[in-house]
Amino acid sequence: MTLQFDITQVVRPKILNLEPYRCARDDFKEGVLLDANENPYGPTLEDYDVDSLLHRYPDPHQIDFKQRMAEYRNTKSIFKDQQLTPLDSDNLCLGVGSDESIDALIRACCVPAKEKILIAPATYGMYTICSEINDVEYVEVPLLTSDKELFQINEDEIIKTLENDPTIKLVFITSPGNPTGTYIEYNRIEKILSRWQRGIVVVDEAYIDFVEGPNKGSLAPLATKYENLAVLQTLSKSFGLAGVRLGITYSSKQISRILNSMKAPYNISHTTSEVALKAVEPENLERMEQNAKSINKEKLRVLKELTSLPLVKQLGGLDANFILLRINNGDNDLTKKLYYDLATKSGVITRFRGNEPACSGGLRITIGTVEENDVLIREFKKHLSALTA
């Protein structure tokens, strides 16, 4: 029997039938604008240029940006042999970072105190925070820990768990993982998508543009193939725009319509919209790709330098803009001391991740500029040597 995805059985009824708030900028964007109760003089800032339009509500839809991002993901698709229907602007919803999308998906699909989400730790902490805020229980199926499949999802166990618990409505998978840095093999995710139709598989791809190698790439183009797929991305990482707080959700048009109906009318600011549109101009997309390659090159250099030390081993994958190291075979006490000394004595801030599942002795290090990495390498060696003398 062929499984069918039925959106009416996944999304809460009141949200399924929700009509989006109709705002002033839906109809007219130019002219003598006397419809939205804005202040015509602008903010009380010295030398404010009224043409900057900060005193006007922003575009509520960002169609141009959505279309350019859709076209970019279509162009970079690793699934071209499948002749998929191309993504377009109607497949996208924008949020204030990916966190807004995570929260929206939970609110849309999970009845508080009755339904659940599934996560695969070690993973991004906001899934559980959003679930708790929404009074939604979370179920854990940890990542695999064998050397051959280190930090891959256990798709068979996930499917078994989903089949045995009909109250689970969302599965959150981070690819590449955080803090693991490991790209999840897409055939594992597709297996879940094809075998489970009672909910939505959410693939969080915050670090996807750092992924290199054959058979690796974004699952966003598959949103036109699988109705039960949502892919989260952000401008914070590879685009270098963490300060504008823009997240993107790619999904089927029916899911996208629901998410766009739920969002606040003007959730994306005018300034963010302008910056985002510039970021997807061809020359800036090329610059983003070059920066990602530079970070990946530095990542290998930093890894080589630090793992040459006797007590340091690579723990995570190399598919993100950071590395995850294991210190002294999982010694959390030593790792915490190293983390603290780097921060307080050298001003080099890393992230202790030793309390995450299968990450004992884990230190996550973001790759910086060449100069920043030189400082990291020098200070890391100095403090580790002092702590183990």
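Colleague: Let's begin inside. How many cavities of 30 Å³ or more are there?
Modeller: One cavity of 30 Å³ or more turns up. Keep in mind that this is a predicted model.

Colleague: How much space lies in the largest cavity?
Modeller: The largest cavity holds about 50 Å³.

Colleague: And which residues line the largest cavity?
Modeller: Its lining includes Ala120, Ala122, Thr123, Leu143 and Phe151.

Colleague: What about the lining by class: how many are nonpolar, polar or charged?
Modeller: Seven residues of that lining are nonpolar and five are polar, with no charged ones.

Colleague: Okay, now pockets. What volume does the largest pocket have?
Modeller: The volume of the largest pocket is about 430 Å³.

Colleague: Which residues lie nearest its centre?
Modeller: Lys29, Pro58, Asp59, His270 and Ser273 lie nearest the centre of the largest pocket, out of 16 lining residues. Two elements, helix 2 (63-75) and helix 8 (270-279), each give two or more residues to that lining.

Colleague: Which element gives the largest share?
Modeller: Helix 8 does, with four residues of the pocket lining.

Colleague: And the classes in the pocket lining?
Modeller: There you'll find seven nonpolar, three polar and six charged residues.

Colleague: How do strand 1 and strand 7 pair, parallel or antiparallel?
Modeller: Strand 1 pairs with strand 7 (residues 247-251) in the antiparallel sense, over four bridges. Within that pair, Leu92 stands opposite Tyr250 of strand 7.

Colleague: What holds paired strands together in general?
Modeller: Strands of a sheet pair through backbone hydrogen bonds, and the pairing can be parallel or antiparallel.

Colleague: And the sheet of four strands, what order does that have?
Modeller: That open sheet runs 8-9-11-10, with antiparallel pairing. Strand 8 (312-314) and strand 10 (351-352) are the edge strands, each pairing on one side only. Strand 10 is joined to strand 11 (residues 362-366) by two bridges, and the two run antiparallel. Phe352 stands opposite Leu363 in strand 11.

Colleague: New topic: how many disulfides does the structure hold?
Modeller: Zero disulfides. Take Cys93, which is in no disulfide: the nearest cysteine sulfur belongs to Cys109, 13 Å away.

Colleague: Is Cys93 buried or exposed?
Modeller: Cys93 counts as buried, because its relative accessibility is 5% and the cut-off for buried is under 20%.

Colleague: Last stop, Gln9. Where does Gln9 lie?
Modeller: Gln9 sits in the segment before helix 1 (13-16). With a relative accessible area of 56%, Gln9 is exposed.

Colleague: What separates the C-alpha atoms of Gln9 and Asn321?
Modeller: A separation of 38 Å, with the two residues 312 apart along the chain.

Definitions and conventions:
Residues are numbered from 1 along each chain as its sequence is written. This is a predicted model: local features need pLDDT of at least 70, side-chain atom pairs count only at pLDDT 80 or more; totals for chains, interfaces and linings use all residues. Side-chain values use heavy atoms; hydrogens and water are left out. A disulfide is a pair of cysteine sulfur atoms within 2.5 Å. Buried means under 20% relative accessible area, exposed over 50%, partly exposed in between (1.4 Å probe, protein chains only). On a 1 Å grid over the protein atoms alone, a cavity is a set of points where a 1.4 Å probe fits but cannot get out, and a pocket is an open set with protein on both sides within 12 Å along at least five of seven lines; lining residues have an atom within 4 Å of a point. Grid points are joined across faces, edges and corners, and a volume is the space filled by probe spheres set on the points. Ala, Val, Leu, Ile, Met, Phe, Trp, Tyr, Cys and Pro count as nonpolar, Asp, Glu, Lys and Arg as charged, and the others, Gly among them, as polar. Two strands pair if DSSP finds at least two bridges between them.
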